[in-house]
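Hi everyone, thanks for making time this morning.

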Amino acid sequence: MRFQHARAPRLIRSLLAATALVAFAGALHADTARTDAPVPLLWKVSDDDNALYLLGSFHLLKPDDYPLSRDVDAAFADAEKVVFEIPPEELGSPALGMQMGQAALRTDGTGLDSELPAETRQALAEWLEANAAELQKLQMTPQTLQLFEPWFVGLMVAIVEMGKAGLDPSLGLDSNLAQKAAQAGKPTGGLETGVQQIAFLDGMDRAEQLQFLQESLKTADEGRAEIDKLHAAWRQGDAEALWSGMAAEMRKQFPKLYHRINVERNDAWVPKLEAKLSAAGTDDTLVVVGALHLLGEDGVVEKLRAKGYEVQRICSACPVR
């Protein structure tokens, strides 16, 4: 099967925007400081007595993506609790990393190369040779990667490439706000478990896994351009660009995967978010999830709006309409 670059959906971007598990990678890079704060993807959803702030995360960021917008600071200050995709204490647990590795291990006694088309096998070998030092920072070697399923190797390739582009998982928006919540004594929670997120990735069929790996092996120049484009759209708070860049093509080309990793999870989260809105008292909650989950008609924002809640985007830097 020959990889068709022109028609390939951006699975790497979509999956990395949809799952917080990329936070397992270590710090890889640093850049210089910048003065303008990112424009947040931030919505407020209200009922009669309390509110949810929904904030679209980028799971790997740069030092110059901080400080955050005053809109985010205000939402954080107003919220009594901060909720993430995965509870911070679980995401930072070594046990979750072990579970991820165990789920990704091959079980048929073969190496990864045995199921790869010749072109992909060659591309992977060349990438591994060029990036051996970067892999070592993640405590991986070319030999150990042969023990894993294509989805896991594709994830490692993507994390390395994003690190080379200056993006650091330890600086991700989730990590930053989790640290602030701990310092402020605000309780935290999660909408799902790490095991559930692992299952979404491990549940890809073989064709999807191969596509994921193949797309992650694009040339460094093309990969850097795609990463920079997505990061810039997030910094600009450009919901339309992010939707078309992350989700629309994925939904068209891989509807089953898109439904499993985005729609099913959004549908599972909505009742949990409604329960927070309907809870007694006036406590507000800041909810921090991958930006993909908030965008488009399948996103949590529109699903809550369709249920009759008052929804407004909070964006002091956006043009007045």
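Let's begin with disulfides: this is a predicted model, and a search of the whole structure turns up one. The partners are C315 and C318, with 1.9 Å from S to S. As a reminder, a disulfide is a covalent bond between the sulfur atoms of two cysteines. What is the handedness of this disulfide? The torsion about the S-S bond of C315 and C318 is about 80 degrees, so the disulfide is right-handed.

Next, please look at helix α5, residues 118-130. With 13 residues at 1.5 Å a residue, α5 should span 18 Å, and its end C-alpha atoms are 19 Å apart, which agrees. Which residues of α5 are buried? They are T120, L124, W127 and L128. Looking down the axis of α5, you'll find these buried residues within an arc of 100 degrees, so they line one face of the helix. And what do they pack against? Their neighbours are α6 (132-137), α7 (142-145), α8 (150-164) and α11 (206-216). On the other side of α5, you can see A118, E129 and A130, which are exposed.

One last stop: D36, in the loop between α1 (11-18) and β1 (42-46). D36 is partly exposed, with a relative accessible area of 45%. Along the sequence, D36 and L68 are 32 residues apart, yet in space their C-alpha atoms are 8.8 Å apart.

Key: Residues are numbered from 1 along each chain as its sequence is written. This is a predicted model: local features need pLDDT of at least 70, side-chain atom pairs count only at pLDDT 80 or more; totals for chains, interfaces and linings use all residues. Side-chain values use heavy atoms; hydrogens and water are left out. A disulfide is a pair of cysteine sulfur atoms within 2.5 Å. Helices (H or I, at least four residues) and strands (E, at least two) are DSSP runs, numbered from the N terminus. Buried means under 20% relative accessible area, exposed over 50%, partly exposed in between (1.4 Å probe, protein chains only). The expected span of a helix is 1.5 Å times one less than its number of residues. The arc is that of the directions from the helix axis to the C-beta atoms. Contact means heavy atoms within 4.5 Å.
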